[in-house]
Amino acid sequence: MLQILADGLVIGSVISLGAIGLSLTLSIVRFSNFSHGELLGWGSYLALSALAVFTATRESLAAPLGPFSFGWGLLGALLVSTVLTALLALALDQVLFRRLRSQGAITLVIASFGAALALRNLLLFWYGGVPQYYSQNLQIAIPILPRSVWGGLRVTADQLLVLALTLATVTALHLFLRHSTLGRSMRATAINPSLARVAGIDPERVLRATWIIGGILAAVAGVFAGITVQLRPTLGVDLLLPLFAAVILGGIGSVWGAVLGGFIVGLAESASVSIVGAEYRAAAAFAVLILILMVRPTGLFGEKH
Amino acid sequence: MQQPDALPTPALVVDTLEAGYEPGLPIVRGACLTVQRGEIVAILGPNGAGKSTLVKAVAGLVPVSSGRSLLFGRDITRVAAHRMVFEGLAFVPQTENVFVNLSIAENLELAAAIVKADRQERLAPVYAMFPDLARQRSLPAGQLSGGQRQMLALARALITRPRLLVLDEPSAGLSPKLVGLVFDKLREVRASGVTVLLVEQNVKAALALADRAAVLVEGRERLFAPAAELLDDERVAALYLGRHTGRQATGALH
């Protein structure tokens, strides 16, 4: 029981971070970006490459830090990956979406399908289809509660760190959107792009910021998926539908909605694994989605216009 | 119109402007206007005359196909909409003119931050001018009534310290009492030295407020005269009727 909750929160962390980026793109760039999941996949592999470079130059960077399975090298690789993934998102916009923006949302959606296929197959081409790991170190889950208490609870230090860093990232983003001029400009552009222009907000600057933030969060989510599960080129496509489910659940354009939606989808997936079996985990997210939308069609935090 | 050398550069010159949303389908068809510094000019005219399109074209929101607009002598015809506040032009749209997901304070602080101005220095005088907004500053703008929204939209524009304030139908949807309050604020704005250009449906109230008014028909100004003269000029009504009730107008022509 408790174990389902803990596992759900870890899966939920990855989905939440990915869903925020997707939600921002939806509300600011105004289209459903089906290639967003691939940014998570790329984020995870770009960190793998950076890690390989780091550990090749200095062996000690691979040494595990305290209770964690990874060393300083992966934290450095995470930073490198956030920068590269943000650049990838910007490049994708420059090369593809920007040119098609005047054609309308449907064209952008279809283009994003194409981008997703291209990005995923490039990953497969470069890194191969065999799942990989950041660290070969085995990590023993720490028993927090014995089996006698609600089925017991075991977590790894990695999982706790992932959860803590997710909450820290989301809080930082919340403060950014709430208090910084660029953050407020993003919120203003999301709700009323025409008034934002009149008010003096450069729409291109806001779009760039959106891609950069979406890319950074995708990289963090991808690395977290790599740490807690494994790296595989299909990460993007596997996560795509849960990401959309989380965004719609939480309400389009709401950061906290995407976070809550992500955790709900994560919990539903982890519960379904132990209740109906792993084969049906993808269906679980949608069962929850349908249920909530029947009660609240705008999503949990959806704004009514 | 010849300008004597002694007169200062007008606040705004609209010179045979042609503008519209679709290429080849101009809505504004060669409109000419001159707004002198420190005056309030109202643009009147029947529905579909292109009043809103004209001010939106000046504000950079509608593509201009020919002609030009000069703001204090500077050509702003090709300036992007988001650069207009930096040229000294603030535009208040007719509807959806506040950010409903931001609080009153956030709306105003954002306006100050965009023009890179000191927040307190800009907000204090505006709060003094709009005490109702100051009292409710943490309230989301989406919860404001129509009149309060119009005040916030006006306040947001004033934060940027414009030299020319352009408003698209500030009285739309407001009760006569609220229209009076909004127009009183515009008189205060003029008194502070800001030039005002507004589009209005409410002819009587607009002519009482404005120094001069233009009547726009089919994308061109047909009359442009001091407001006091237009107040009892039959031609104003005729221009409106010519559009609205075609039968009477053709009857009159025969």
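In β9(B), B:A213 is the bridge partner of B:A42. The model discussed here is a predicted one, in which local features need pLDDT of at least 70, side-chain atom pairs count only at pLDDT 80 or more, and totals for chains, interfaces and linings use all residues. Residues are numbered from 1 along each chain as its sequence is written, while chains are lettered from A and ligands numbered from 1 in the order in which they are written.

Strand β3 (residues 40-44) and strand β9 (residues 212-217), both of chain B, run in the parallel sense and share four bridges; strands are said to pair if DSSP finds at least two bridges between them. Helices (H or I, at least four residues) and strands (E, at least two) are DSSP runs, numbered from the N terminus. Within the β9(B) pairing, B:V41 stands opposite B:R212. Another parallel pairing of β3(B), again over four bridges, is made with strand β8 (residues 195-199) of chain B. There, B:I40 has B:V196 as its bridge partner in β8(B).

How well covered is β3(B)? Five of its five residues are buried, so β3(B) is largely enclosed by the rest of the structure. Here a residue is buried if 20 or more other C-beta atoms lie within 10 Å of its own, exposed if 12 or fewer, and partly exposed in between, with C-beta atoms placed from the backbone. Both faces of β3(B) are covered, with B:I40, B:A42 and B:L44 on one side and B:V41 and B:I43 on the other.

Helix α6 (residues 146-159) of chain B comes next. Its 14 residues reach 20 Å from the first C-alpha to the last, close to the 20 Å expected at 1.5 Å a residue; the expected span is 1.5 Å times one less than the number of residues. This helix, α6(B), is mostly covered, with 11 of its 14 residues buried. Among them are B:R149, B:M151, B:L154 and B:I159. The buried residues of α6(B) pack against β6, α3, α4 (119-129), α5 (131-135), β7 (164-168) and α7 (176-191) of chain B, a contact being two residues whose C-beta atoms, placed from the backbone, lie within 7 Å. Just after α6(B), B:R161 takes a positive phi of about 50°.

Taken as a whole, chain B has 11 helices and 10 strands. Its radius of gyration is 18 Å, which agrees with the value near 18 Å for a compact globule of 254 residues; the radius is taken over C-alpha atoms, and the globule rule is 2.2 Å times the number of residues to the power 0.38. Buried residues make up 44% of the 254 in chain B.

Chain A has 11 helices and two strands. The radius of gyration of chain A is 19 Å, close to the 19 Å from the globule rule for 305 residues, so chain A is as compact as a globular protein of that length. In chain A, 50% of the 305 residues are buried. Helix α10 (residues 255-275) of chain A has 21 residues and reaches 30 Å from its first C-alpha to its last, close to the 30 Å expected. Of the 21 residues in α10(A), 16 are buried, and the helix is followed by A:G277, whose phi is positive, near 105°. A:S60, in the loop between α2 (36-57) and α3 (72-100) of chain A, is exposed, with 9 other C-beta atoms within 10 Å.

Where the chains meet, 21 residues from chain B and 16 residues from chain A take part in the contact. On the chain B side, α2 (84-87) and α3 (104-114) are the elements that give two or more residues, and α3(B) provides the largest share, five residues. The chain B side divides into 14 nonpolar, four polar and three charged residues; Ala, Val, Leu, Ile, Met, Phe, Trp, Tyr, Cys and Pro count as nonpolar, Asp, Glu, Lys and Arg as charged, and the others, Gly among them, as polar.
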